[in-house]
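Could you look over this model with me?

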Amino acid sequence: MMLTPRRGLYRLAVVTGVLCLMSACTDVSMGSLETVKQAVHGGTSVHPTAESVAAEPYYQLQVSAPGGEAILLLASVQGDLLGWYGPEGQAVFLKHGVLVKTLGLTRNLDAMQLDGDPFASGLQHVQAPVTYQRVMDWSPDYHYGIHVQAQLQPMAMENVDILGTVHRLRRFDEHLRAVETGFDVVNRYWVDPADGFIWKSRQYAAPGQALELIQLRPYRGPQT
């Protein structure tokens with residue numbers, strides 16, 4: 001995933017504007033192409049501050065990957081599925097804060113299903129380790145229908161600084177293992193203990209493709 005600080009910022013406006021039209025974006029999304037251009041050229045960067053984030057009327061997600069980092073903007077809301085789009089056609093899709101699909105990475109998560117989903121009801125209710133199964137599709141290696149054993153375990157409370165505000169969050173570790181592919185990783189989530197909202201996470205989209213996701217200006221439903 002090659003995300004550069006400034007190269008392709010104009011392309012971000014074009015790509016996300018087109019995708020917005022194609023995906024029938026809601027009124028919480030990117031808005032018109034012209035306003036997106038103004039927002040991007042107004043200084044959105046990979047070194048955000050509370051002031052710079054508040055100055056833009058867009059929901060913003062910071063994504064870091066081995067190849068770089070960028071700020072993605074919310075471009076579609078389809079029920080619980082949120083689509084965030086980036087500078088060179090990259091996109092990540094989150095459901096209840098969990099990565100379920102990516103586009104434009106070196107290796108992509110094409111689809112993901114959870115059999116027994118602890119995230120849907122909110123991680124604030126998870127007080128002990130739980131086990132379940134994921135089914136994941138990865139490309140370009142044509143690894144489809146990979147059954148991944150998962151165990152989610154609540155850990156200690158930690159302080160997480162986001163844009164100068166310290167959030168007191170509970171960390172959850174999710175151990176994922178698929179024997180046939182050698183996939184053996186740990187995802188981490190930093191969760192608001194009051195409502196289960198995931199403010200920060202480190203999730204594997206595919207083998208060798210870890211993403212760090214930080215909610216800078218989160219979308220928390222139609223009333224936010």
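The points below go through the structure one topic at a time.

1. First, some ground rules. This is a predicted model, so local features need pLDDT of at least 70 and side-chain atom pairs count only at pLDDT 80 or more, while totals for chains, interfaces and linings use all residues. Residues are numbered from 1 along each chain as its sequence is written, and side-chain values use heavy atoms, with hydrogens and water left out.

2. Let's start with charge. Side chains of opposite charge can pair when their charged atoms come close. The structure holds seven salt bridges (a side-chain nitrogen of Lys or Arg within 4 Å of a carboxyl oxygen of Asp or Glu). One of them joins Asp-141 to Arg-107, with the closest N and O atoms 2.1 Å apart. These partners sit 34 residues apart, Asp-141 in the loop between strands E7 (130–139) and E8 (143–162), and Arg-107 in the loop between strands E5 (98–103) and E6 (108–115). Strands here are DSSP runs of at least two residues, numbered from the N terminus. Asp-141 counts as partly exposed at 35% relative accessibility, and so does Arg-107 at 21% (buried means under 20% relative accessible area, exposed over 50%, partly exposed in between, using a 1.4 Å probe and protein chains only).

3. Now for a pair between strands. Arg-171 and Glu-158 form a salt bridge, with 3.0 Å between the closest N and O atoms. Arg-171 is in strand E9 (residues 165–178) and Glu-158 in strand E8, 13 residues apart. Is Arg-171 buried or exposed? At 13% relative accessibility, Arg-171 is buried, whereas Glu-158, at 25%, is partly exposed.

4. Another bridge belongs with that one. The side chains of Arg-188 and Asp-173 meet at 3.2 Å, N to O. Arg-188 lies in strand E10 (residues 183–191) and Asp-173 in strand E9, so this bridge ties together parts 15 residues apart in sequence. Arg-188 is partly exposed at 33%, but Asp-173 is buried at 12%. Through shared partners, salt bridges join Glu-158, Arg-171, Asp-173 and Arg-188 into one network.

5. Next, the greasy parts. In soluble globular proteins, nonpolar side chains tend to be buried together. The largest nonpolar core has 47 residues, and Trp-84, Phe-119, Leu-123, Phe-183, Tyr-189 and Leu-211 have the most contacts inside it (a core is a set of buried Ala, Val, Leu, Ile, Met, Phe, Trp, Tyr and Cys residues joined through side-chain atoms within 4.5 Å). Strand E2 (residues 68–78) gives the most to this core, five residues. Another core lies apart from it, with 12 residues, among them Ile-71 and Ile-214.

6. Finally, the gaps. A search of the whole structure finds three cavities of 30 Å³ or more. On a 1 Å grid over the protein atoms alone, a cavity is a set of points where a 1.4 Å probe fits but cannot get out; lining residues have an atom within 4 Å of a point. Grid points are joined across faces, edges and corners, and a volume is the space filled by probe spheres set on the points. The second largest cavity holds about 50 Å³. Its lining includes Leu-94, Trp-199 and Ile-214. Which strand supplies the largest share of that lining? E11 does, with four residues.

Technical notes: On a 1 Å grid over the protein atoms alone, a cavity is a set of points where a 1.4 Å probe fits but cannot get out, and a pocket is an open set with protein on both sides within 12 Å along at least five of seven lines; lining residues have an atom within 4 Å of a point.
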